[in-house]
Amino acid sequence: MEDSYDASDIQVVDFDEHVRTHPEMYFGARHSGPDPATRILSAVLGHALHPATRLAPVHTARVEAEILGGLTFWVADDLVADARDAAWPPLGYYGSLLGPDRWTCAAAAALSTRTVVEVWRDGRGFRQELSGLRPVELPQEIDAPAGKGTKVLFELDSTWAGTALSTDLTSLDLHGPDCDAPLGPGRVTLRDLRAPHGPVTFRLR
């Protein structure tokens, strides 16, 4: 007799719970596997260079990133979602400033103990702190930097991300096997503040 199932067999789980249960589906690594924190960093940087088409063409974003500590880093770019109404900025997962256009950041937030998101454009800026991917506050207005952009700080949870980001970052692959788009003006600059003799800067394409 063939197995059968119906609606009672379908389990619906929240996005962040699914990420924590199956991190390999989002980052290609299990939390018990080798170097999961660096895989998370690589995925976030790679998505920044290959953003959602609604935000920008691939290889055009200017991305800055900085490793502050063992499991803490931030990533910023010069992209921001368009306003859909007068109440900019648009809200995404669970009322956070991270929506589907930045699903990789949202997945990394789900594996973090603390996430801070900042967005700015047209002289206005907003900041929101999250516990994982769940907001602990509504977006708060801040002084906006020049231009436009998005910055996300992650404090990864050691339960999922291991003990620390790798110190060998020169071999990060931000393109993956399926990227055949021509290079554009975009670039990724990554600074590692953990270096014993001062920050080390990597330019990644």
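Predicted model: local features only at pLDDT ≥ 70, side-chain atom pairs only at ≥ 80, totals over all residues.
Ala, Val, Leu, Ile, Met, Phe, Trp, Tyr, Cys and Pro count as nonpolar, Asp, Glu, Lys and Arg as charged, and the others, Gly among them, as polar.

**View 1. The largest pocket, with a volume of about 430 Å³.** Of the 22 residues lining this pocket, the closest to its centre are Arg-39, Ser-42, Ala-43, Gly-46 and Asp-173. The top contributor is α3, with 6 residues. Sort the lining by class and you get 8 nonpolar, 9 polar and 5 charged residues.

**View 2. The second largest pocket, at about 220 Å³.** Here 17 residues make up the lining, and Ala-81, Pro-90, Leu-97, Gly-99 and Asp-101 sit nearest the centre. The class count for this pocket is 10 nonpolar, 3 polar and 4 charged.

View 3. Because 7 of its 8 residues are buried, α4 is largely enclosed by the rest of the structure. To find them, pick out Thr-104, Cys-105 and the run of alanines Ala-106, Ala-107, Ala-108, Ala-109 and Ala-110. What do the buried residues of α4 pack against? Their partners are α1 (15-21), α2, α3, β3 (112-121) and β7 (149-156).

**View 4. Ser-96, in the loop between β2 (72-77) and α4.** Is Ser-96 buried or exposed? Its relative accessible area is 0%, so Ser-96 is buried; the cut-off for buried is under 20%. Leaving aside neighbours within four places in sequence, Ser-96 is in contact with Leu-91, Gln-128, Leu-130, Leu-133 and Pro-135.

**View 5. Gln-128, a residue of strand β4 (residues 124-131).** Gln-128 has 0% relative accessibility, so this residue counts as buried too. Not counting residues up to four places away in sequence, Gln-128 touches Gly-95, Ser-96, Leu-97, Thr-115, Val-116, Val-117, Pro-135, Glu-137, Leu-138 and Pro-139. Now look at the side chain of Gln-128: one of its polar atoms lies 3.3 Å from the backbone oxygen of Gly-95. A polar atom of that side chain also lies 2.8 Å from the backbone nitrogen of Leu-97.

Definitions and conventions: Residues numbered from 1 in each chain as written. Heavy atoms only, no water. 1 Å grid on protein atoms, 1.4 Å probe; cavity = no way out; pocket = protein on both sides within 12 Å on 5 of 7 lines; lining within 4 Å. Points joined across faces, edges and corners; volume = space filled by probe spheres on them. Helix = DSSP H or I, 4+ residues; strand = E, 2+ residues; numbered from the N terminus. Buried < 20%, exposed > 50% of the residue type's maximum accessible area, 1.4 Å probe, protein only. Contact = heavy atoms within 4.5 Å. Polar contact = N/O pair within 3.5 Å; in protein donor to acceptor, adjacent residues only side chain to side chain.
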